[in-house]
Amino acid sequence: MTAVEHDADVIVVGAGPGGSATAYHLARHGVRVLLLEKTEFPREKVCGDGLTPRAVRQLIRMGVDTSPEAGWLHNRGLRVIGGGVRLELDWPELASFPNYGLVRTRLDFDDLLAQRAVAAGAKLRTSVNVLGPVLDGDGRVTGVEAEVGPGKEPTTFHAPLVVAADGVSGRFPLALGLAKREDRPIGVAVRRYYNSPAKHEDNYLESWLELRSKDSGDNLLPGYGWIFGLGDGRVNVGLGVLNSSSAFGKTNYRRLLTDWLANTPEDWGMTDETNADGPILGAALPMGFNRVPHYTRGVLLVGDSGGMVNPFNGEGIAYAMESGELAAEVMVQALARPAGPERERALLAYPNELKARLGGYYRLGGIFVKLIGRPEIMRIATKHGMPHPTLMRFVLKLLANLTDPRGGDAMDRVINAMTKAAPAV
């Protein structure tokens, strides 16, 4: 028999933003949740550390205090640099989203969200390395096999539903035979922290559409870059390369980052290795639903595990938290039904609703990725698009997925119509 303390209504594998959001929303509805995390908090995670208003909305929905007094650095929009133009675009004023973004390192961000889940009633266990699923005679998942603690004690946890929120590696869905789809976009990002008194306090997230090294001349380096001030004397600096680029998989990304930074002003502090705070770290960005189905045999995929990074801008946290909330809503309804066909019918609402909300948008994102992977198109787009602020405000709304679904302005209506018309991925 399984020990009583191992029983739960739902097991959530991974306490990143997606897993913690899932656990929070489940626990708030009285569901018994076991949240399993393989590491200990606080722990570092490779990320840009910047949050758009879309992510801020999800934090507010979890009851998180996002004030500066609570340790958050606010920003008012996006600064875009490219085509010889530097343009500052404020976040749009919308009914559906707040008008500010945030910056906070993942070192304590993930811990904060996990503690929100615990405060709502979820049970968090750290140093639990989930190895794979427990299957019943019909091949349905009824729990997880794990190694617990420094002694790696073999342990089995049982629950009628399991959420895979184990990130880009997706070890749990892989154990079920759910591999990544090669026809969907994926990116690679590297980032490093630098001490930079000149750049650490910034009202804008800074995005570089063109990267050049000192000796590249008119030739662009592949990818796009960012510089996000952290407000504590440091900046998060990084770059991403998409698989539509000819340089994908053939480039030393760490060297690419230092080549670009060597061309930045000296007083920013990013040309001097002694100002670096830690090593250059990298991670993959699984985009556009590159692992499906998002529900099968008692398992729901949330966040990066289900390839939910936005292909337009590389944002993952907002979609991890959104999918976690949606998964929780669906599971609450499903658990109120008897096990069997009725419950399965309820659970299938999860992939269907994900597709309805994001499928068309991600289809457009896949086209966008293919276009910007070609340097000649990127050069034309920045040269002719950047000098037009109205066009760039439209682009900001599209890239950050910030529109009011009903009403809104003309830009909102055009973007909403585009996403509805696009066939869902």
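Two residues are in contact when heavy atoms of theirs lie within 4.5 Å. Keep that in mind as we explore this predicted model.

**Exercise 1.** Which residues does Tyr350 contact, leaving aside its neighbours within four places in sequence?

*Solution.* Start with the partners from His294 onward: His294, Leu300, Leu301, Val302 and Met308 are among them.

**Exercise 2.** Work out how α6 and α8 are arranged.

*Solution.* Here is what to look for: two packed helices are described by the angle between their axes and the distance between the axes. The axes of α6 and α8 come within 9 Å, crossing at roughly 150 degrees. Angles over 145 degrees count as roughly antiparallel, so α6 is roughly antiparallel to α8. The crossing is right-handed. By class, this contact has 10 nonpolar, one polar and three charged residues.

**Exercise 3.** Find the residues with the most contacts inside the largest nonpolar core.

*Solution.* This core has 60 residues, and the ones to pick out are Leu59, Met331 and Tyr350. Its largest share, 10 residues, comes from α6. A second, separate core has 28 residues, including Val103 and Tyr193.

**Exercise 4.** What do the buried residues of α2 pack against?

*Solution.* First list the buried residues: Pro53, Arg54, Ala55, Val56, Gln58 and Leu59. Now name their partners: the strands β3 and β7, together with α3, α6 and α10. Finally, look just past α2, where Gly63 has a positive phi of about 75 degrees.

Note on methods. Residues numbered from 1 in each chain as written. Predicted model: local features only at pLDDT ≥ 70, side-chain atom pairs only at ≥ 80, totals over all residues. Heavy atoms only, no water. Buried < 20%, exposed > 50% of the residue type's maximum accessible area, 1.4 Å probe, protein only. Helix = DSSP H or I, 4+ residues; strand = E, 2+ residues; numbered from the N terminus. Axes fitted to C-alpha atoms, helices over the stretch in contact; angles between N-to-C directions. Parallel < 35°, antiparallel > 145°, perpendicular 65-115°, else oblique. Left-handed = near helix turned anticlockwise from the far one by under 90°. Nonpolar A, V, L, I, M, F, W, Y, C, P; charged D, E, K, R; others polar. Core = buried A, V, L, I, M, F, W, Y, C linked by side-chain atoms within 4.5 Å.
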